[in-house]
Amino acid sequence: MIEEADEMETRGSGWSFQEVTYLELKINKYDPLYASSYIDLPEELKIYYHGDDAVNQFISMLQEDTKKIEAFIKEKEEKYKDIKNMIDFDKKHYNQTNKCVICEQKFLPDDKKVKDHCHLTGKYRGPAHEACNLNYEIPKFIPVIIHNLSGYDARLFIKKLDFDESRLDVIPNNEERYISFSKKFGNYLKLRFIDSFKFMSFSIDKLSKNLRSAKNLKSVFKETAKHFPEDQLDLITRKGVYPYDYMDCEEKYEETELPSKEAFYNRLNECDISDEDYKHAQNVWKSFNIKNLREYSELYVKFSKNLEMFV
Ligand SMILES: [Zn+2]
């Protein structure tokens, strides 16, 4: 806070900071009950967990997935690494192309041009400089993209990432916020946790409002429109509401009715949801024929995902 005050003064605001007369600290405790992958992943890698100890469970699922990916890379490399096993070589393309497929620079008269192919699919990629081709490596890290990682989820993760001796590399922003961190999850592959929120200039809410102002929802949400009739599409392209504070134990997922409006009270921000928002929740519950809070939660996660896809 003092830093911020200093900054404000140096920016020439004309104000100067003298004392703090009042300080209110709001604390809330969250125990995550739910962990899943947002982005559509191959079936073998899909993460979905529901229950106690979600953070630890999520981390072990990530470890398993990393090992699967390592095994996949190893298998494919053994099969395709040798240039003799290259697939779909296009001789005409190779002879006529005068730009390296890797660095995108032109070939100079002294440059050695070689055939470049993908070690995971075996497919011919194009001509490349010999050096570029030799230096090309399959990345040794996998990005794990988490929305608002540095604002929230990082706090859940950081403490749980000491499951073995390998080092945790952290890029801190300040004492409390971490921009990104990475750690070895498999034998050699690292997972690099990054924050998709950092790439967004608008909040989800604002974003969805902008998108919805487009004349035809169907044309904006093309993929989603394939799966839902228009009236439902209208519902899921609006930011959903969720009773975060109310959902404090596993049993609540089995409740078969939408909780009251009061249950949507947000303790951290000390606010209720609007009548309009509650009406929206009721509409969603009805329109999607929701049977219990578990289904509502799952749909809520899907909503957010849909909106984020348009960032
Ligand atoms: Zn090159």
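Let's start at V301, which sits in helix α11, spanning residues 293–308. Keep in mind that this is a predicted model. V301 has a relative accessibility of 16%, so it counts as buried, the cut-off being under 20%. What does V301 touch, once residues up to four places away in sequence are set aside? The list is Y34, S36 and Y38.

Now zoom out to the whole chain. It has eleven helices and eight strands, and of its 311 residues, 35% are buried. Take the contacts with a separation of 6 or more: 54% of them join residues 24 or more positions apart. The accessible surface comes to about 20,700 Å², with carbon and sulfur atoms accounting for 51% of that.

On to the interior. In soluble globular proteins, nonpolar side chains tend to be buried together. Here the largest nonpolar core has 23 residues, and L62, F157, F181, F185, L191 and F193 are the ones with the most contacts inside it. At least two residues each come from α2 (54–80), β5 (141–146), α5 (149–158) and β8 (190–195). Of these, α2 gives the most, with six residues.

F157 is a handy place to look around. Ignoring its neighbours within four places in sequence, F157 is in contact with V55, F58 and I59, and also with I146, F181 and F193. Apart from this core lies another one, of 21 residues, including Y253, F264, I290 and L293.

Terms used: Residues are numbered from 1 along each chain as its sequence is written. This is a predicted model: local features need pLDDT of at least 70, side-chain atom pairs count only at pLDDT 80 or more; totals for chains, interfaces and linings use all residues. Side-chain values use heavy atoms; hydrogens and water are left out. A nonpolar core is a set of buried Ala, Val, Leu, Ile, Met, Phe, Trp, Tyr and Cys residues joined through side-chain atoms within 4.5 Å. Buried means under 20% relative accessible area, exposed over 50%, partly exposed in between (1.4 Å probe, protein chains only). Helices (H or I, at least four residues) and strands (E, at least two) are DSSP runs, numbered from the N terminus. Contact means heavy atoms within 4.5 Å. Accessible areas come from the Shrake-Rupley method with a 1.4 Å probe; for residues, only the protein chains shown count as cover.
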